[in-house]
Amino acid sequence: QVQLVESGGGLVQAGGSLRLSCAASVNTFSINAMGWYRQCPGKQRDLVATISSRGNTNFADSVKDRFTISRDNAKNTVYLQMNSLKPEDTAVYLCNVKGSTWYLDYWGQGTQVTVSS
C-alpha cells in the first residue's frame, strides 16, 4: 500500500553535489511530512532534513548551510539537494514519509552516498 522509491545516490568527490529523489506511492492517507535521514553501518539513524506539507523545513546543524530539501506535492516526491559534500556525509540516506497520526510512518530502502576526500 505504501512504496518509497529513492534515487540519486552515488560516488562523488569532496566539494561535489548530488540530488536525491524519493517518490512515494501512498493510497490510503495524505502525506504530511517528508524527509531524509542517514545511517552508517552499526550507527544510529540521524535526521538530515524534513519538510512539511506547507513547506516548513528542518535541517541537521551539520548540513543546514549546504543542503536544501524540497517537495512536489502533486508528484508525492521529495528531493534533497546536497552541495559542498564532505566525507562525513557518507552514509545510507533513507526517505521518510509521515501522515497525520503517529503510526503512519514509512521508510524507503535507502540509497548510498559516498564522498571521497
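Gln81 counts as partly exposed, at 27% relative accessibility (buried means under 20% relative accessible area, exposed over 50%, and partly exposed in between, using a 1.4 Å probe and protein chains only). You'll find Gln81 in strand 8; strands (E, at least two residues) are DSSP runs, numbered from the N terminus.

This is a predicted model, where local features need pLDDT of at least 70, side-chain atom pairs count only at pLDDT 80 or more, and totals for chains, interfaces and linings use all residues. Residues are numbered from 1 along each chain as its sequence is written, and side-chain values use heavy atoms, with hydrogens and water left out.

Gln81 and Arg19 sit 62 residues apart in sequence, yet their C-alpha atoms are 4.4 Å apart in space. Leaving aside residues up to four places away in sequence, Gln81 touches Ser17, Leu18, Arg19, Arg66, Phe67 and Thr68 (contact means heavy atoms within 4.5 Å). Its side chain also makes a polar contact with the side chain of Asn83, at 3.0 Å (a pair of N or O atoms within 3.5 Å; within protein, one must be able to donate a hydrogen and the other to accept it, and residues adjacent in sequence count only if both atoms are side-chain atoms).

Which cysteines are joined by a disulfide? Cys22 and Cys95 are, with 2.1 Å from S to S (the cut-off for the two sulfur atoms is within 2.5 Å). Cys22 lies in strand 3 (residues 18-26) and Cys95 in strand 9 (residues 91-98), so the link ties together parts that are 73 residues apart in sequence. The link is left-handed, with -85 degrees about the S-S bond. Cys22 is buried at 0% relative accessible area, and Cys95 is buried at 0% too.

Cys40 counts as partly exposed, at 24% relative accessibility.

## The nonpolar core

The largest nonpolar core has 29 residues, and Trp36, Val48, Phe67, Val78, Leu80, Met82 and Tyr93 have the most contacts inside it (such a core is a set of buried Ala, Val, Leu, Ile, Met, Phe, Trp, Tyr and Cys residues joined through side-chain atoms within 4.5 Å). Strand 3 gives the largest share of this core, five residues. Not counting residues up to four places away in sequence, Tyr93 touches residues including Trp36, Val48, Phe67, Leu80 and Met82.

How values were computed. Helices (H or I, at least four residues) and strands (E, at least two) are DSSP runs, numbered from the N terminus.
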